[in-house]
Each structure stands twice: as structure tokens, then as C-alpha cells.
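Try each task before reading its solution.

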Amino acid sequence: MLKVAVVGASGYTGGELLRILALHPYVKVVAVTSEKSSGRSVAQVFPNLTGFYDLILQPLSPEIAGADAEFIFTALPHGTSVAPVAEFVKMGKMVVDLSADFRLKDPLAYEEWYGVKHADKDLLQNAVYGLPEIYRSRIKGAALIANPGCYPTASILGITPIIRNRLHNGERIIIDAKSAISGAGRSPALSWHFPEAHEGMEAYKPGTHRHIPEIEQVLSDIAGSTITTCFVPHLVPANRGLLSTIYVPTDYSGEAGDIIELYKESYHGEPFVRVLDAGRQPNIRNVKGANFCDIGITLDKRNGCIIVTSVIDNLVKGAAGTAIQNMNIMMGFEETAGLMQPGLFP
Ligand SMILES: NC(=O)c1ccc[n+]([C@@H]2O[C@H](COP(=O)([O-])OP(=O)(O)OC[C@H]3O[C@@H](n4cnc5c(N)ncnc54)[C@H](OP(=O)(O)O)[C@@H]3O)[C@@H](O)[C@H]2O)c1
């Protein structure tokens, strides 16, 4: 069994890592960290995991988390990951980092969007962006994976076949995205206090959200030329789920069915991407708790626009599920190990 540590185990993505890893056939979790909940048991912090773990949360220190564990997931807020990840890598551990600290390849872009200088530029260059459907071969040999953000995951998977098949006419792509409140993490704040968020819906950080450079970095890499997006995220009063509605300008004059076939070919053999048939729209409900990205495609011929709707569970395919998928690839396990579960319905 692979011995694994989850750093930042008391948060939402940490809890999802523990939930999924509890049934993973090749993994044993040996260490879990939290600052505020140190000394408490996993079951006290996550009652849904009662009976699955006999572990006590302990404060983060490289020695503690690194001693027994061969593989480490870091699920910390951005800005706090660089130092511990660097220590773990130095100790020869394999790491999947769920924060944004190693996603942007250009340290100046990191500084511009995150407001601080990147503290380990060498390690940044060695990190591999861990979206398996795009970068699987690079992930295989990596020691450090930058796990993708939730909005980028749904958006990039939604757009990629259009870029690869040169159906985008080069004009600006618009991404209108909605996320459930768990996307903001477990720490309480006024904006996601129940009376403030329930029955409300609002855009936030239109055109300035930190996932913009991440989305553009990957799409530009796939296209081989600069792709720009107009990205507007919204907060919706649900616990989990994320929907990206993507408008891609096109000169394509064929049929919608042909584009759907291109998507099916593009994702043929991908275990976690489900391309829907014509006329069907994905719903966040259908991927709840699961590692799937469901994609629906419509061609709006009148406006010269391909409209893509892409849904994920932000905590699973948007975080913990992809992180475990990355671990499976890095370790040479079957990629679906521990992950092939249908979503909860309703
Ligand atoms: N939520 C999502 O949908 C989502 C999706 C994709 C990626 N992510 C990214 O994944 C990371 C974790 O997100 P989350 O939603 O799980 O956040 P969260 O619920 O706020 O959990 C954060 C975790 O980090 C720990 N922590 C916070 N500050 C720390 C510090 N200075 N030193 C050590 N531990 C510290 C917390 O422990 P204590 O508070 O118990 O001390 C907690 O275990 C973030 O970088 C986030 O951007 C989140």
C-alpha cells in the first residue's frame, strides 16, 4: 500500500481526499494535518468519515507529514504551499499540490495575479500542470503536480476539442461560470453566510478572477497561439457543483452533430469526460460526488457561436478527484482506481 499524507486535511478538499482515499485499493493514509483542529480525530472533523480512519490531525511540519508518507497531497490556501511543498520535494516525496501556487508557469504572471513574488521559481518550472486529459504523458514522470483550479478544469475541458479541431475563429471566447459555495473553502465569511447566500446569486471578480491566466495559459499552449477569454464567475446557493457556459466564436457552417462527434472522438477513451448527445444539457446534479466532467454542445448558427456547457463537482473533478487521478498516473496505478463512482442523484 502507498503511504499517503494529506496536508490541510480539515478543509473541504482535504475532506474529499480522505473520503475518496478511504476506499482506494492501493493507498493507506498515514498522516493528516490541520492547525486549528490539531489534536482532533478525523471523525470529529468529518463525521461522515466515522469508522474509516483512526488518525489524529496534527500541525503541519515537514518531518511529521513526511516521515512515514511516500506521497503527499497539499490542500492549503495559495501562498502557504510553496515552503512545505519545497521541503517535501527535497525529502524525495511525490507531491500533488491543490493550491494555485505552482500552476502559472510565468513567475511574473504569478506576481501580477497573486500579488506576491513566487518564492521558488526553480520548483515552479519543474511542476507539471495536472490536467490528465491534456497533459497525461508529462504527469507520468513528474515529482510535483500543480493540480488545476476548478473553473479552469471545467472550462478547459469544455473548450479543448474546439481549439484542437481549429473551429475557433480567433475572436474572444466568453466564459460565464457558476460555482457552488464550497468553492470558497471551509472558513466562514459573510458572503457565504447562509442568509446572505441562500436564494441570492451574484457575479464576482468579473474579468479579474485569478483563474483567467490559468485558463489562458493552457488554451494558448494547446492552440500554439495566444487565446484570450472574457471570464465572469458567479456564486450560486448550492453546496457543490460548477457550471461553465462557454461561447466560442466560429466560422463553422456545418452541423452541430458533427461537432458533437468531434468531441466524442477527442475524448474517446477518457474515463471521466462524458460528452452528451445533441439536445441534452449537463446538470451539476449528475456529477455530484463524482469525478466526471459532463459536456453539452450546441451550435448557434445565427450568431456564429458554439455554446458549450461543462459541469463538474468543484470538490471532486475540480480538486480532490483529479488530484487522486494524478496520483494514480504518477504511481502507475490504473487511472480510475478509487474514482469510478457514479454521481449522487438527486
Ligand atoms: N474548494 C474548492 O472547490 C477548490 C477547488 C480547487 C482547488 N482548491 C484549492 O485547494 C486549496 C484548499 O482549498 P479548500 O477549499 O479545501 O480550503 P479550506 O477548506 O479553507 O481548507 C484549507 C486547509 O488548509 C489549512 N491551512 C490553512 N492555512 C494554513 C497554514 N497557514 N498552514 C497550514 N495549514 C493551513 C486549514 O487548516 P485549519 O484551518 O484546520 O488549520 C485547512 O485544512 C486552496 O488552495 C484552494 O484554492 C479549492
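## Exercise 1: The ligand and its shell

A backbone N or O atom of Gly 8 sits 3.2 Å from an oxygen atom of the ligand, a polar contact (a pair of N or O atoms within 3.5 Å). This is a predicted model, in which local features need pLDDT of at least 70, side-chain atom pairs count only at pLDDT 80 or more, and totals for chains, interfaces and linings use all residues. Residues are numbered from 1 along each chain as its sequence is written, and side-chain values use heavy atoms, with hydrogens and water left out.

Task: find which side chain lies 2.6 Å from an oxygen atom of the ligand, then describe the shell around the ligand.

Solution: 
1. The side chain is that of Ser 34, through an N or O atom.
2. On the backbone, an N or O atom of Ser 182 is 3.0 Å from a nitrogen atom of the ligand.
3. Of the ligand's own 900 Å² of accessible area, the protein covers 81% (Shrake-Rupley method, 1.4 Å probe).
4. The ligand is surrounded by 27 residues, and Ser 10, Ser 34, Lys 36, Leu 76 and Arg 186 are the closest (a heavy atom within 4 Å counts as near).
5. Sorted by class, the shell has nine nonpolar, 14 polar and four charged residues, with Gly counted as polar.
6. Helix H1 (12–21) and H12 each give the shell at least two residues; helices are DSSP runs of H or I with at least four residues, and strands are runs of E with at least two.

## Exercise 2: Two helices

Task: describe how H7 passes H12.

Solution: 
1. The axes of H7 (residues 132–140) and H12 (residues 316–331) come within 10 Å and cross at roughly 35°; such angles run from 0 to 180 degrees between N-to-C directions.
2. The crossing is right-handed, that is, the near helix is turned clockwise from the far one by less than a right angle.
3. Contact (heavy atoms within 4.5 Å) involves residues including Arg 136 of H7 and Gln 325 of H12.

Notes
Polar contact = N/O pair within 3.5 Å; in protein donor to acceptor, adjacent residues only side chain to side chain.
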